[in-house]
Amino acid sequence: MSQAAASTEELAFIEVGEGSRARRIAVRARNGNDPGSAGDAPGLFWLGGFNSDMTGTKAIALDGWAAEHGRACIRFDYSGHGESGGQFADGTIGRWLEESVAVFTQFCRGPQVVIGSSMGGWMALLLAREIAKRNHAGGNGAASLAGLVLIAPAPDFTEELMWKGFSPEIRAEIETNGAWLRPSEYGDGTPYPITRNLIEEGRNHLLLGSQIDVGWPVRILQGAQDPDVPWKHAFALVHRLPAEDVVLTMIQDGDHRLSRPQDIARIIAAVAEIG
């Protein structure tokens, strides 16, 4: 990324929640630095994965692409992640959704392509539902959706990919002790807690049991060799989405990260296709 491009990105913090639930959320906001050439091109809004942060390969690549094309780009860390405050063990889907809505509302202007990776794919779908509710209620917020790009999306993962797949011993530990330390194959390999609150609260946000009417174009990229979010999960999601303007791209040799140069190129192409 050039020095000029980097200089237009700002680090900001916002407070989300009240009282004991208040947490400080770190946001990196890039304004469109060449509106004349970008025209009405949508901004980019990044939603990261579970136990990930906004400095990952895909997020940085998208931010760099936005800088080169004069487009706005917003990325942030959920509470308990990266540069944000709060404890990871306090996190729930609803808590992180509240933060996603707050950042989107405060920082985004005009149409946005929302890009969600893994858990961020679930967040993107939930965010789209919240925006649709506001529009239905007559809201006139400054930001809107242009479409969704979902990378190895993991809607309902707390139930479908965690709880249902856990052994009886792990379930008992979560129910008895309130958490289980899950080994990690990413980052520095430090185990991270899967809490009973994460599992139970996640059931308030399940999507795959009914149709998901997002109302915008959806592009899904899925690795066939993904050990964390099986390709069948992507098919289950597509089955719940409208038939029109939904495209699933299966990358036969792709893993969960989808962070290789060829994967990044596919993600950027999907963003560009939406607008």
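**Salt bridges**

I started with the salt bridges, counting a side-chain nitrogen of Lys or Arg within 4 Å of a carboxyl oxygen of Asp or Glu, and the count comes to 15. This is a predicted model, where local features need pLDDT of at least 70 and side-chain atom pairs count only at pLDDT 80 or more, while totals for chains, interfaces and linings use all residues. Residues are numbered from 1 along each chain as its sequence is written, and side-chain values use heavy atoms, with hydrogens and water left out.

I looked up Glu200 and Arg196, whose side chains form a salt bridge at 3.9 Å, N to O. Both residues sit in helix H8 (residues 196–202), and because they are four residues apart there, about one helical turn separates them. For burial I used relative accessible area: buried is under 20%, exposed is over 50%, partly exposed is in between (1.4 Å probe, protein chains only). Glu200 is partly exposed at 41%, and Arg196 is partly exposed at 37%.

Next I checked Arg219 and Asp245, which meet in a salt bridge at 2.8 Å, N to O. This pair links distant parts of the chain, 26 residues apart: Arg219 is in strand E9 (residues 218–223), and Asp245 is in the loop between helix H9 (231–240) and strand E10 (246–251). Arg219 is buried at 9% relative accessible area, whereas Asp245 is partly exposed at 41%.

I also noted Asp253 with Arg260, where the closest N and O atoms are 3.2 Å apart in a salt bridge. Arg260 counts as partly exposed, at 25% relative accessibility.

Asp77 is in the loop between strand E4 (73–76) and helix H4 (93–107). A polar atom of the Asp77 side chain lies 2.7 Å from the backbone nitrogen of Met54. I then listed contacts (heavy atoms within 4.5 Å). Not counting residues up to four places away in sequence, Asp77 touches Ile25, Ala26, Asp53, Met54, Gly82, Glu83 and Ser84.

**Cysteines**

How many disulfides does the model have? I got zero disulfides, taking a disulfide as a pair of cysteine sulfur atoms within 2.5 Å. Cys73 is in no disulfide, and its nearest cysteine sulfur, that of Cys108, is 9.3 Å away. Cys108 is likewise in no disulfide, with the sulfur of Cys73 the nearest at 9.3 Å. I have Cys73 as buried at 2% relative accessibility and Cys108 as buried at 1%.

**Positive phi**

Asn51 has phi near 65 degrees and lies in the loop between strand E3 (43–47) and helix H3 (57–68). Asp156 has a phi of about 65 degrees and lies in the loop between strand E6 (143–151) and helix H6 (157–162). Buried or partly exposed? Asn51 is partly exposed at 37% relative accessible area, whereas Asp156 is buried at 3%.

**Ser184**

I found Ser184 in the loop between strand E7 (179–182) and strand E8 (192–195). Ser184 counts as buried at 15% relative accessibility. Leaving aside neighbours within four places in sequence, Ser184 is in contact with Gly189, Thr190, Pro191 and Tyr192.

**Nonpolar cores**

Last, I looked at the cores, each a set of buried Ala, Val, Leu, Ile, Met, Phe, Trp, Tyr and Cys residues joined through side-chain atoms within 4.5 Å. The largest has 56 residues, of which Phe45, Phe50, Leu148 and Ile194 touch the most other members. Helix H5 (residues 119–136) gives this core its largest share, nine residues. I listed contacts of Ile194 too, leaving out residues up to four places away in sequence; among them are Phe50, Met162, Phe166, Trp180 and Ile199. A second, separate core has 21 residues, including Ala59, Cys73, Val149 and Ile264.

Conventions. Helices (H or I, at least four residues) and strands (E, at least two) are DSSP runs, numbered from the N terminus. A polar contact is a pair of N or O atoms within 3.5 Å; within protein, one must be able to donate a hydrogen and the other to accept it, and residues adjacent in sequence count only if both atoms are side-chain atoms.
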